[in-house]
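Please open the model in a viewer and keep the selection panel at hand. The stops below are given in the order in which they may be selected.

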Amino acid sequence: MNLQQCHWLNEPASWQCQEDELYVTTDNKTDFWRDTWYGFQRHSGHVFGGYVDDFQLDAGFTFQLCIEGQFEKLYDQAGIMLLVDEQHWLKAGIEHSDGQATIGSVLTNGESDWAMGVFQGNPDKFWLRLTYSNGAIRLQYSTDGVTWPLLRLSPFTLNSQRIFVGAMCCSPEREGLQVKFSDFKLMSSLRKHLHDLS
């Protein structure tokens with residue numbers, strides 16, 4: 001993925017690109033969420049990326065990147081996002097919750113769900129991989145860029161030709177979360193066996 005051809009959804013006040021690296025400082029009280037439990041809707045988080053073309057949608061695609069950040073305040077988060085529209089999207093990554101770094105995902109089909117677990121490893125640097133193929137999303141994470149355990153497998157219908165994927169970050173309770181994104185890759189679906197962790 002060529003970062004020079006990418007653009008923002010909800011551009012933050014402070015960011016910069018240096019070759020293949022993206023540096024972001026989040027704006028105040030930014031988030032993505034829809035209804036469940038809290039009863040509110042938020043679509044103010046930052047996403048930097050691009051649209052998947054028709055061929056990649058038909059054949060399937062894999063998008064991955066590396067994330068580095070200092071997650072300190074409640075709900076500080078950064079990771080990866082796939083967006084169809086405001087009611088249909090998926091985000092995944094590190095989120096600071098209950099006093100610790102958690103790894104999880106939010107899938108929104110009209111309303112949001114939230115699935116998470118305690119992150120095993122160094123939350124200051126990790127990788128995420130999203131693969132779409134045959135009507136399903138496969139999410140994986142990595143603590144070393146080599147081994148990729150499964151984070152989520154979910155059906156997801158992409159009934160639009162405008163699918164946006166990119167680097168996501170939010171800070172629902174504050175401003176000033178600093179995140180570095182690198183190692184952007186958008187490619188044909190890896191189509192690996194579900195239990196192939198490479």
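Select Trp37, Tyr38, Trp114 and Met116 to begin: together they form a nonpolar surface patch with about 510 Å² of accessible area. Patches consist of residues with over 30% relative accessible area and no salt bridge, where like charges are joined within 9 Å and nonpolar side chains (Val, Leu, Ile, Met, Phe, Trp, Tyr) within 5 Å. A salt bridge is a side-chain nitrogen of Lys or Arg within 4 Å of a carboxyl oxygen of Asp or Glu. Areas come from the Shrake-Rupley method with a 1.4 Å probe, and for residues only the protein chains shown count as cover.

The model is predicted: local features need pLDDT of at least 70, side-chain atom pairs count only at pLDDT 80 or more, and totals for chains, interfaces and linings use all residues. Residues are numbered from 1 along each chain as its sequence is written, and side-chain values use heavy atoms, with hydrogens and water left out.

Next, centre on tryptophan 37, in the loop between strand E4 (32-34) and strand E5 (41-43). Helices (H or I, at least four residues) and strands (E, at least two) are DSSP runs numbered from the N terminus. Tryptophan 37 has a relative accessible area of 80% and is therefore exposed, the classes being buried (under 20%), exposed (over 50%) and partly exposed in between, with a 1.4 Å probe and protein chains only.

Glycine 39 belongs to the loop between E4 and E5 as well and is exposed at 57% relative accessibility. Draw a C-alpha to C-alpha distance from glycine 39 to asparagine 28: the two are 20 Å apart in space and eleven residues apart in sequence.

Is serine 97 buried or exposed? Serine 97, within strand E9 (residues 88-97), is buried, because its relative accessible area is 4%. Contacts (heavy atoms within 4.5 Å) link serine 97 to Leu74, Thr102, Trp114 and Met116, not counting residues up to four places away in sequence.

Now display strands E2 (residues 14-18) and E3 (residues 21-25), which pair in the antiparallel sense over five bridges; pairing requires that DSSP finds at least two bridges. Serine 14 stands opposite threonine 25 in E3. Two residues separate E2 and E3 in this hairpin, and glutamate 19 in the turn has a positive phi of about 55 degrees.

Finally, select the cysteines. The structure holds zero disulfides, a disulfide being a pair of cysteine sulfur atoms within 2.5 Å. For cysteine 6, the nearest cysteine sulfur is that of cysteine 17, 7.6 Å away. For cysteine 170, the nearest is that of cysteine 169, 6.6 Å away. Cysteine 170 is buried at 0% relative accessible area.
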